[in-house]
Amino acid sequence: MNRILLAGVAGGALMAAATMPAAADGHATDLTLCWAAWDPANALIELSKDFEAASGHTMNFEFVPWPNFADRMLNELNSGGQLCDLMIGDSQWIGGGAENGHYVKLNDFFDANGITMDDFIPATVTGYAEWPKGTPNYYALPAFGDVVGWTYRKDWFERPELQAEFQSTYGRPLDVPATLEELRDIATFFQGRDIDGTTVYGAAIYTERGSEGITMGVTNALYNYGFLYEDPDQPYVLDGFVNSAGAVAGLEFYKSLYDAGTPPGSSNWYMGENIDAYKSGQVALQMNFAFIWPGVEADPNVGGGKSGYFPNPAGPAGQFAQLGGQGISVVSYSDKQDAALEYIQWFAQPEIQAKWWELGGYSALKAVVEDPGFATSQPYAQTFLDSMAIVKDFWAEPAYADLLIAMQDRMHAYVIAGEGTAQEALDKLVEDWTEVFEDEGKL
């Protein structure tokens, strides 16, 4: 990120330490922030050194790898544990965090400190902070904006011989796809192709069954073909929306992409496997959350102009992408809530948010992303903006884990194992989800 952007967002207030009260209660406190173990967490450690200097508090961090993150941290919350003073919890946790009393409601604190959710990207407020959705009840501050997008081997796309062959085969240039069908054509074109003496494949997509992987992947097709989680006019009424004709077509598309354009042995891949396949030169395209893009740019094999980025392409029913990312909450079981709230107040400052982006974090603050220099501050910045404008998210209900398990099972059985039809998979998912909502007393 260029320093012009940082200075512009700061608005002359670069001396955060000078405006941050040191230990508001007069005592230095050790705080523990809990999050997933991934590259952005390392950036947050670096950023938080400014908070320690400004406040006198000491920051400790409990980071858990993504495959174990939900089990570890939801168990911590459900048991009323005091390990975490601050929690950067997944977007789907907000309903349970609010209804089960795990997170402190932040409305009064926001009002008292001049923090307004109007200053953040609307989708991140809805996705990370609000419960119930669409109401001004806030249990988190948007902390890390993230979304599923695509990375591609720009250097391969630009090869004249491949351009000519693709044009001859498909009647259009080999370029960033405008539709999901065009993306499948590209994946098919590269599948099994020889590039510099190495056999490569089309696309690394999400197929993982154990946590949330295939759900976070398949929704990028389902949304764009017409899938809806429920009747917009009748909450929790699912039949005809989850399993609509468009939803069936979207699920069939995702299976066709898996069958036609993915590497052998990629039946249980998620973020890490996709990154590895892309960086090692196995695939032309990679589906993944935007958090990986700084690492792609820095990689000696695929960075430095060899890669390009684009939002999830459109389908017949529109253009949408699966929301990722998280909000930061104060854990209600902490006995250090005052100091934890100081961290929230510090983190919300525009100059801190600008530095967060500079270090590799994805700020959701409008002052950062709407700065005139933002779109050109990184090769992927414009794609991030375009992608965050088209997001949808999975259920954030307190029972989201049961809803997720059912979808993981149904999607993997059809897409990967080839069991039954897309219609049958979605019909069964309607039955599964209806049972969950009946047990919850929502139906």
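This is a predicted model: local features need pLDDT of at least 70, side-chain atom pairs count only at pLDDT 80 or more; totals for chains, interfaces and linings use all residues.
Local features need pLDDT of at least 70, side-chain atom pairs count only at pLDDT 80 or more, and totals for chains, interfaces and linings use all residues. Residues are numbered from 1 along each chain as its sequence is written, and side-chain values use heavy atoms, with hydrogens and water left out.

Q: Why is N107 called buried?
A: Buried means under 20% relative accessible area (exposed is over 50%, partly exposed in between; 1.4 Å probe, protein chains only). N107 has 17% relative accessibility, so N107 counts as buried.

Q: What makes P136, N137 and Y138 contacts of N107?
A: Contact means heavy atoms within 4.5 Å. N107 touches P136, N137 and Y138, leaving aside residues up to four places away in sequence. A polar atom of the N107 side chain lies 2.8 Å from the backbone nitrogen of Y138.

Q: Why are α10 and α12 called roughly parallel?
A: Angles under 35 degrees count as roughly parallel, over 145 as roughly antiparallel, 65 to 115 as roughly perpendicular and the rest as oblique. Helix α10 (residues 180–190) and helix α12 (residues 245–261) pack at about 15°, with axes 9 Å apart. The two are therefore roughly parallel. Their contact residues divide into 6 nonpolar, 3 polar and 2 charged.

Q: How do you know whether M287 is buried or exposed?
A: M287 has a relative accessible area of 1%, so M287 is buried. M287 is found in strand β7 (residues 283–289). Among the residues that M287 touches are W150, Y206 and Y254.

Methods
A polar contact is a pair of N or O atoms within 3.5 Å; within protein, one must be able to donate a hydrogen and the other to accept it, and residues adjacent in sequence count only if both atoms are side-chain atoms. Axes are lines fitted to C-alpha atoms, for helices over the stretch in contact, and angles run from 0 to 180 degrees between N-to-C directions. Helices (H or I, at least four residues) and strands (E, at least two) are DSSP runs, numbered from the N terminus. Ala, Val, Leu, Ile, Met, Phe, Trp, Tyr, Cys and Pro count as nonpolar, Asp, Glu, Lys and Arg as charged, and the others, Gly among them, as polar.
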